[in-house]
Amino acid sequence: SWCKELVGVETSQRMWSYAQKRALDQGLPNVQIIHTDGTRLPGLPTGSFDYATACMVFHEMDARQRLPVLEEMKRLAGTLILVDYRLPLPVNLVAFICRSIERLAGHRHYRNYRSYIEGGGLISLAETLGLTVQREVPFYNRCLHLLLSE
């Protein structure tokens, strides 16, 4: 097994049900999926995990949720692994496609994406909390990046 315990957080009832079923179907008793928004997880003690990850979620959140979710991740884990859009987005075909997909995802989703862009993205969020970015890895034609932060 790759890890002793894995806890996932999912806001969508449909995706939560799907993840629960997948974990059961795959015979993964060490996987727990919590149905909540991730801003407060009082059942999990501070420092419960070595790592906390978030992949392509901050740009989808309402602006007021981003910092509380990141604070909760920081409370729970020593190292954060974050993936989302890299700013500024480059001027290339991949970035054009990404922006188009975000626009097509619906009004609320696009509004959240725009506020993420206007707010400075992941690096701005990390700096606001005083996190140290240990490493940044741009990928997908420099449209996305992975941040390793402590």
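Which residue in E4 is the bridge partner of threonine 53? The residue is isoleucine 81, which pairs with threonine 53 across the two strands. The structure described here is a predicted model, in which local features need pLDDT of at least 70 and side-chain atom pairs count only at pLDDT 80 or more, whereas totals for chains, interfaces and linings use all residues. Residues are numbered from 1 along each chain as its sequence is written, and side-chain values use heavy atoms, with hydrogens and water left out.

Strands of a sheet pair through backbone hydrogen bonds, and the pairing can be parallel or antiparallel. In this model, 4 strands form an open sheet with mixed pairing, in the order E3-E4-E6-E5; strands (E, at least two residues) and helices (H or I, at least four residues) are DSSP runs numbered from the N terminus, and two strands pair if DSSP finds at least two bridges between them. Strand E3 and strand E5 (133–139) stand at the edges with a single partner strand each, so one side of each is left without a neighbour in the sheet. On average, and with direction ignored, neighbouring strands of this sheet are turned by 15 degrees against each other, where axes are lines fitted to C-alpha atoms and angles run from 0 to 180 degrees between N-to-C directions. Strand E3 runs parallel to strand E4 (residues 77–85), and 6 bridges join the two.

Side chains of opposite charge can pair when their charged atoms come close. A search of the whole structure finds 7 salt bridges, a salt bridge being a side-chain nitrogen of Lys or Arg within 4 Å of a carboxyl oxygen of Asp or Glu. One of them joins lysine 21 and aspartate 25, at 2.7 Å from N to O; both residues lie in helix H1 (residues 13–25), 4 residues apart, or about one turn of the helix. Aspartate 62 forms a salt bridge with arginine 108, with the closest N and O atoms 3.4 Å apart. This pair links distant parts of the chain, since aspartate 62 lies in the loop between strand E3 (49–55) and helix H2 (63–76), while arginine 108 lies in helix H4 (residues 107–118), 46 residues apart. Aspartate 62 also meets arginine 64 in a salt bridge of 3.6 Å, N to O, and a network of salt bridges links Asp62, Arg64, Arg108 and Arg111.

A disulfide is a covalent bond between the sulfur atoms of two cysteines. With a disulfide taken as a pair of cysteine sulfur atoms within 2.5 Å, the count comes to 0 disulfides. For cysteine 3, the nearest cysteine sulfur is that of cysteine 55, 16 Å away, and for cysteine 98 it is that of cysteine 143, 4.7 Å away. Cysteine 3 counts as partly exposed at 30% relative accessibility, whereas cysteine 98 is buried, with a relative accessible area of 7%.

Conventions. Buried < 20%, exposed > 50% of the residue type's maximum accessible area, 1.4 Å probe, protein only.
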